[in-house]
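Here is a short briefing on one protein chain. Look over the sequence and the model, then read the points below.

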Amino acid sequence: MNDSNNQKSSIFATAMNALFVLQTDFLESIIKGILIGALVSAPMGPVGILCVQRTINKGRWYGFVTGVGAAASDLIYALITGLGMSFVMDFINNAQNKFLLQIFGSVMLLIFGIYCFKSDPMKNAHKSSNKKGTLTHNAVTAFLVTLSNPLIIFLFMAIFAQFAFIVPKHPFEMIMGFLSIIAGALLWWFGLTWLIDKIRNKFDKNGIVIINKVIGSIVIFFSLFALIGLIFNLYQLPEW
């Protein structure tokens with residue numbers, strides 16, 4: 001009788017432990033996805049400026065659907081990047097290669113942050129039309145503008161490597177992760193359009209430049225923090 005109870009207790013404990021690990025993995029994928037979605041959306045590129053212009057000239061929801069279109073395009077590039085990286089997982093899962101990829105990701109993010117900080121986002125800005133158009137039209141045009149910039153794949157590669165985001169043997173976690181990328185992007189666009197709508201009378205071109213510099217500073221800080229952390233943990237790597 002005692003053996004039977006012990007066996008049941010052991011099975012229950014194992015099941016609870018597995019459930020806890022599963023919940024932790026899901027939560028980790030969700031948090032990573034939200035951070036990635038916000039990080040990719042935040043820099044004031046052509047679509048970011050278009051979103052701001054439409055929010056000021058047409059109204060908040062026209063700006064928000066511009067972000068929705070951009071987020072849909074970002075998801076496509078995120079899926080392409082994830083699919084490509086999943087084919088080389090044996091290479092990525094090697095501890096030494098993973099370390100090098102994370103170093104590469106940190107350096108790429110650092111370069112991106114410096115570029116974001118120094119660049120003038122207004123130089124290549126797409127001018128918003130004075131005609132309102134439909135919400136669908138505004139979303140589609142933003143989708144096409146974002147889709148026309150395949151270089152974002154390199155940003156996704158850097159971020160995925162830094163966050164160790166790709167786990168192909170865990171499909172449910174990956175699905176949640178990619179859905180969370182959309183959620184993170186939408187949270188960013190929702191917050192940005194809300195802020196612009198509140199201060200529309202005080203917001204000008206200098207505001208866009210300031211946002212870009214703040215975002216660039218955050219990315220630089222994060223990438224340096226990650227880079228220093230990786231370098232100071234060199235001793236944990238296996239022998240070369």
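Which pattern does the chain follow, read along the sequence? The pattern is α-α-α-α-α-α-α-α-α. That is nine helices and zero strands. Helices (H or I, at least four residues) and strands (E, at least two) are DSSP runs, numbered from the N terminus.

This is a predicted model: local features need pLDDT of at least 70, side-chain atom pairs count only at pLDDT 80 or more, and totals for chains, interfaces and linings use all residues. Residues are numbered from 1 along each chain as its sequence is written, and side-chain values use heavy atoms, with hydrogens and water left out.

**Confidence**
- Mean pLDDT (the predictor's confidence in each residue, from 0 to 100) is 77 for the chain.
- Of its residues, 77% reach 70 or more.
- Residues 15-22 stay under 50, and the model gives them one contact (heavy atoms within 4.5 Å) beyond four places in sequence.
- Residues 234-240 are also below 50. This stretch has eight contacts beyond near neighbours in sequence.

**Packing and surface**
- Of the 240 residues, 40% are buried (under 20% relative accessible area; exposed is over 50%, partly exposed in between; 1.4 Å probe, protein chains only).
- Among contacts with a separation of 6 or more, 89% join residues 24 or more positions apart.
- The chain exposes about 14000 Å² (Shrake-Rupley method, 1.4 Å probe), with 70% supplied by carbon and sulfur atoms.

**Salt bridge**
- The whole structure holds one salt bridge (a side-chain nitrogen of Lys or Arg within 4 Å of a carboxyl oxygen of Asp or Glu).
- K32 and E28 form this link, 2.9 Å from N to O.
- Both lie in helix α1 (residues 2-41), four residues apart, about one turn of the helix.
- K32 counts as buried at 16% relative accessibility, while E28 is partly exposed at 38%.
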